[in-house]
Amino acid sequence: MASNEDKQSTKSPPAPSPLRTAKFCQSNMRILVTGGAGFIGSHLVDRLMQNEKNEVIVVDNYFTGSKDNLRRWIGHPRFELIRHDVTQPLLVEVDQIYHLACPASPIFYKHNAVKTIKTNVMGTLNMLGLAKRVGARILLTSTSEVYGDPLIHPQPETYWGNVNPIGVRSCYDEGKRVAETLMFDYHRQHGIEIRVARIFNTYGPRMNIDDGRVVSNFIAQALRNEPLTVQAPGTQTRSFCYVADMVWEFTMVELAETVKELINPDVKIVTVENTPDDPRQRKPDITKAKELLGWEPKIKLREGLPLMEEDFRQRLGVPKN
Ligand SMILES: O=C(O)[C@H]1O[C@H](OP(=O)(O)OP(=O)(O)OC[C@H]2O[C@@H](n3ccc(=O)[nH]c3=O)[C@H](O)[C@@H]2O)[C@H](O)[C@@H](O)[C@@H]1O
């Protein structure tokens with residue numbers, strides 16, 4: 001019944017703006033990346049810029065992103081960088097929107113919770129408004145946090161989650177859930193072409209060194225000869241994705257032991273207090289992605305960690321012995 005109603009109310013996509021379909025610009029694809037100066041955003045920009053038919057516009061407010069991540073593209077004729085906060089409307093003529101903008105590390109997103117939820121709700125609303133106006137396709141980077149502390153393991157796309165609506169993480173996980181709702185409502189009501197990617201704990205070069213997330217913490221701690229801080233109980237799991245890839249499930253103790261073994265065997269592992277609402281386990285069911293997209297992870301944690309170690313060594317000025 002619901003699906004029939006869905007079908008009836010889904011409109012065909014709005015036509016792209018006449019400016020974008022004019023002959024003179026048909027050959028190039030103009031792509032907006034919000035949060036493009038961030039960790040995942042800047043890797044995406046690298047990939048998009050490899051295609052000579054792409055023009056890339058990045059918007060970022062540099063709250064957690066950095067111009068340094070885009071150094072190689074600044075001044076490139078197919079690249080533009082705009083300082084802009086997505087909670088404010090933006091008008092640009094584009095064909096595709098990759099909407100990544102939002103602080104993603106729990107310490108950053110909890111630091112200004114109201115701003116985080118505004119970014120998720122108003123930011124996504126603004127980008128959907130833009131997509132509707134110019135007829136662009138839009139992708140939202142959502143998160144494994146939409147599953148909260150999941151009661152089903154591993155998590156299929158169809159799982160609705162177990163989320164605390166009034167907790168300290170809600171600004172992010174409920175914020176992303178509303179953002180997903182907005183995406184599907186704009187699709188049903190206005191025919192916008194949408195994609196939603198639920199990203200699981202990604203790590204790799206260019207993460208902020210003091211980002212606060214577990215992989216960057218452990219690597220920076222190992223390189224600084226500080227104890228690896230496993231938050232209790234340490235048996236909670238995450239499924240780590242190398243930034244060019246994905247997904248391997250580990251407990252935090254296993255991760256700490258791997259970082260110790262690979263990066264600094266002398267470092268100590270200590271157990272410290274955890275934060276509220278920390279999910280006890282998380283692992284995506286990737287059956288559908290394998291079947292429909294032909295996608296599966298390739299880079300194992302033991303291969304990905306050294307690549308991130310190399311980047312952190314350079315930025316921390318810690319040479320390899
Ligand atoms: O990537 C995801 O899927 C989502 O989840 C992450 O949230 P979380 O999994 O809590 O990320 P971390 O802060 O890296 O924590 C992972 C686990 O490591 C533990 N941890 C964290 C830091 C540390 O120093 N030690 C430690 O044991 C935490 O208790 C937690 O159980 C991030 O908030 C989001 O960027 C993202 O959307």
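## Domains and ligand

Both domain 1 (2-10 + 21-199) and domain 2 (203-316) contribute residues to the shell around the ligand, so the ligand shell lies between them. The domain bounds come from an automatic or database domain assignment. This is a predicted model, in which local features need pLDDT of at least 70 and side-chain atom pairs count only at pLDDT 80 or more, while totals for chains, interfaces and linings use all residues. Residues are numbered from 1 along each chain as its sequence is written.

The C-alpha centres of domain 1 and domain 2 are 24 Å apart. Their contact takes 24 residues from domain 1 and 18 residues from domain 2, two residues being in contact if their C-beta atoms, placed from the backbone, lie within 7 Å. On the side of domain 1 that touches domain 2, α3 (39-49) and α4 (106-111) each supply at least two residues. The largest share of that side, four residues, comes from α3. Helices (H or I, at least four residues) and strands (E, at least two) are DSSP runs, numbered from the N terminus. By class, the side of domain 1 that touches domain 2 has ten nonpolar, eleven polar and three charged residues. Here Ala, Val, Leu, Ile, Met, Phe, Trp, Tyr, Cys and Pro count as nonpolar, Asp, Glu, Lys and Arg as charged, and the others, Gly among them, as polar.

Around the ligand there are 21 residues, of which Ala104, Thr143, Arg213, Val214 and Gln231 come nearest. A residue is near a molecule or strand if its C-beta atom, placed from the backbone, lies within 6 Å of it. Both α7 and β8 (228-231) supply at least two residues each to this shell, and the largest share, three residues, comes from β8. The shell divides into seven nonpolar, ten polar and four charged residues.

## Helix packing

Axes are lines fitted to C-alpha atoms, for helices over the stretch in contact, and angles run from 0 to 180 degrees between N-to-C directions.

| Helix pair | Angle | Axis separation |
|---|---|---|
| α7 (residues 214-223) and α10 (residues 301-316) | about 55° | 10 Å |
| α5 (residues 113-134) and α6 | roughly 15° | within 9 Å |
| α7 and α8 (residues 252-263) | about 35° | 10 Å |

The angle between α7 and α10 makes α7 oblique to α10. By the convention used, angles under 35 degrees count as roughly parallel, over 145 as roughly antiparallel, 65 to 115 as roughly perpendicular and the rest as oblique. The crossing of α7 and α10 is right-handed; a crossing is left-handed if the near helix is turned anticlockwise from the far one by less than a right angle, and right-handed if clockwise. In this pair, Val215, Ile219, Ala220 and Leu223 of α7 meet Met308, Glu309, Phe312, Arg313 and Leu316 of α10. Their contact has seven nonpolar, no polar and two charged residues.

Helix α7 also passes α8 in a right-handed crossing. There, Val214, Phe218, Ile219, Ala222 and Leu223 of α7 meet Met252, Leu255, Ala256, Val259, Lys260 and Ile263 of α8. This contact is made up of ten nonpolar residues, no polar residue and one charged residue.

The axes of α5 and α6 (170-190) cross at roughly 15°, and the two helices are therefore roughly parallel to each other. Their crossing is right-handed. Residues of α5 in the contact include Ala113, Ile117, Val121 and Leu128, and those of α6 include Cys171, Gly175, Leu182 and Tyr186. The contact of α5 with α6 divides into twelve nonpolar, five polar and two charged residues.

## Backbone geometry

Most residues other than glycine have a negative phi, and most peptide bonds are trans. In this model, a cis peptide bond joins His153 and Pro154, with omega about -5°. Pro154 is placed in the loop between β5 (137-143) and α6. Another cis peptide bond joins Ala232 and Pro233, with omega about 5°, and Pro233 lies in the loop between β8 and β9 (237-242).

Tyr62 has a positive phi of about 60°, although Tyr62 is not a glycine. This residue lies in the loop between β2 (54-60) and β3 (79-83).
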